[in-house]
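Okay, thanks everyone. Have a look at it first.

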Amino acid sequence: MSNAHVKIVHYTSKTNKDGTNPVLLRISFQRKLKYKSLGYNCMKNEWDKNKNRFKSKYPNYKAKNEVLKIKLRQAEEVIEDLSTKSESFTFEKFFNQFLNKSNIGLFDFFKTRIQEFEKSGNYGNREVYKNTYSALSKFANNDNLQFSDISYDFLHKWEIDLRVNGCTDGGVSNHMRTFRALINLAIKREIARPDHYPFSSMYNKKGYSLAHLNKKKPSTALSIKDMTKIKNFDMEAYPDLANTVRYFLFSYYARGINFSDMADLKWTQFYDNRFQYRRNKVGKLLSIPVSEPIEEILSYFRVEREENESQYVFPILSDFHKTDTQKRDRRKKCLKNYNKKLKKVAEILEIQANLTSNVARHTYATTLLRKGISIAQISQGLAHADKKTTETYLAQFDTAVIDATDELL
């Protein structure tokens with residue numbers, strides 16, 4: 001077991017001509033010290049010696065601190081690797097191996113980004129990045145892949161591989177957009193070089209474009225006739241689908257609340273004939289009145305609560321699900337089953353639309369627009385970041401409504 005240690009230090013024993021001091025990686029072993037330059041220099045007032053990182057005074061300090069974090073982790077991995085191999089530690093062995101790892105590889109940065117999402121509790125993005133990381137690593141089959149290795153040809157071949165493995169346009173687009181976001185962030189943090197940017201841009205017209213993947217699908221919203229069918233669904237005749245319809249109607253009446261947020265609702269969030277919840281996706285707090293249709297749905301689940309004493313409104317999560325991972329996996333499983341049952345509801349009611357959990361949200365927004373509510377107000381109800389997002393919900397406004405406007409001419 002090696003007793004070698006590494007630390008990042010601001011080496012004040014050496015001062016450059018401009019008054020700055022170098023930032024170095026310090027390796028200590030058997031009371032001996034060796035140093036490795038990390039390529040940065042800063043003034044004493046720009047360095048936090050307690051946390052061993054740049055202060056906010058230092059230009060682009062966040063990006064530089066991320067680089068330092070990765071370099072430190074790489075050095076620790078080298079020491080651990082030498083120890084695992086039961087090799088006696090020497091500075092020469094350390095530096096030989098560290099120099100091979102010293103470039104921040106693409107997968108190193110991918111792992112860092114996934115860890116950042118985990119620490120911030122952003123499990124949705126963590127899963128998206130993990131999926132893209134997995135797909136890319138299988139295709140590349142190269143643990144030392146560098147940002148400079150990514151080109152138009154690489155991305156084109158990866159797209160073909162994704163399609164061979166069952167990805168549709170949407171799946172390919174999700175992976176490519178995630179990967180593009182990662183590369184953009186790497187450039188911002190000065191880990192990757194802008195002149196290696198492989199995607200199409202105003203500076204790189206010949207780069208890989210996602211345009212052919214972004215075929216807009218019509219926004220799905222039920223007609224008034226189909227929505228009436230769901231409101232009048234015979235729950236006694238189909239008891240196994242009753243809760244499925246209740247979930248859909250609750251989402252519709254509660255301003256398009258999505259399944260994940262609905263699953264998290266607890267009885268303590270309901271008071272003074274309103275309920276509040278924070279949207280998981282954007283973190284925005286919403287306060288919604290309990291209308292008569294919502295109260296009717298809640299009344300049913302209050303009876304259920306008396307039997308199982310659950311803190312949750314809907315029987316999706318339970319007190320058994322304690323960790324974030326357990327809750328996420330349970331939501332995912334229930335959502336899949338929910339969408340499967342919605343297909344049965346559509347079949348029974350002879351609804352031609354592709355009925356999914358998101359349709360309730362789209363229908364809420366479109367119904368308000370049909371009734372003359374402004375996009376700005378609808379956007380507020382949906383808790384969208386801006387009106388553009390709402391406009392995509394309403395872009396395929398149903399033909400019957402538009403046709404009716406011809407009579408005004």
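Helices here are DSSP runs of H or I, at least four residues, and strands are runs of E, at least two, numbered from the N terminus. Before I go on: this is a predicted model, so local features need pLDDT of at least 70 and side-chain atom pairs count only at pLDDT 80 or more, while totals for chains, interfaces and linings use all residues. Residues are numbered from 1 along each chain as its sequence is written, and side-chain values use heavy atoms, with hydrogens and water left out.

Helix 6 itself is residues 169-188, 20 residues, and reaches 28 Å from first C-alpha to last, close to the 28 Å expected at 1.5 Å a residue. That expected span is 1.5 Å times one less than the number of residues. Its buried residues include Val172, Met176, Phe179 and Leu182; buried is under 20% relative accessible area, exposed is over 50%, and partly exposed is in between, with a 1.4 Å probe and protein chains only. What do the buried residues of helix 6 pack against? Helix 3 (106-120), helix 4 (123-140) and helix 5 (152-164), where contact means heavy atoms within 4.5 Å.

On to helix 3. Its end C-alpha atoms are 21 Å apart, which agrees with the 21 Å its 15 residues should span at 1.5 Å a residue. Among its buried residues are Phe107, Phe109, Phe110 and Phe117, but also Asp108, Arg113 and Glu116. The cover over the buried residues of helix 3 includes helix 1, helix 4 and helix 6. Following helix 3 you'll find Gly121, again with a positive phi, near 80 degrees.

Now, helix 1 (residues 61-84) against helix 3: the axes come within 11 Å and cross at roughly 110 degrees. Axes are lines fitted to C-alpha atoms, for helices over the stretch in contact, and angles run from 0 to 180 degrees between N-to-C directions. These two helices are therefore roughly perpendicular; the cut-offs are under 35 degrees for roughly parallel, over 145 for roughly antiparallel, 65 to 115 for roughly perpendicular, and oblique for the rest. Glu66, Ile70, Arg73 and Gln74 of helix 1 meet Asp108, Phe109, Thr112, Gln115 and Glu116 of helix 3.

Last pair: helix 8 (residues 239-253) and helix 11 (residues 324-349) have axes that come within 9 Å and cross at roughly 100 degrees. That makes helix 8 roughly perpendicular to helix 11.
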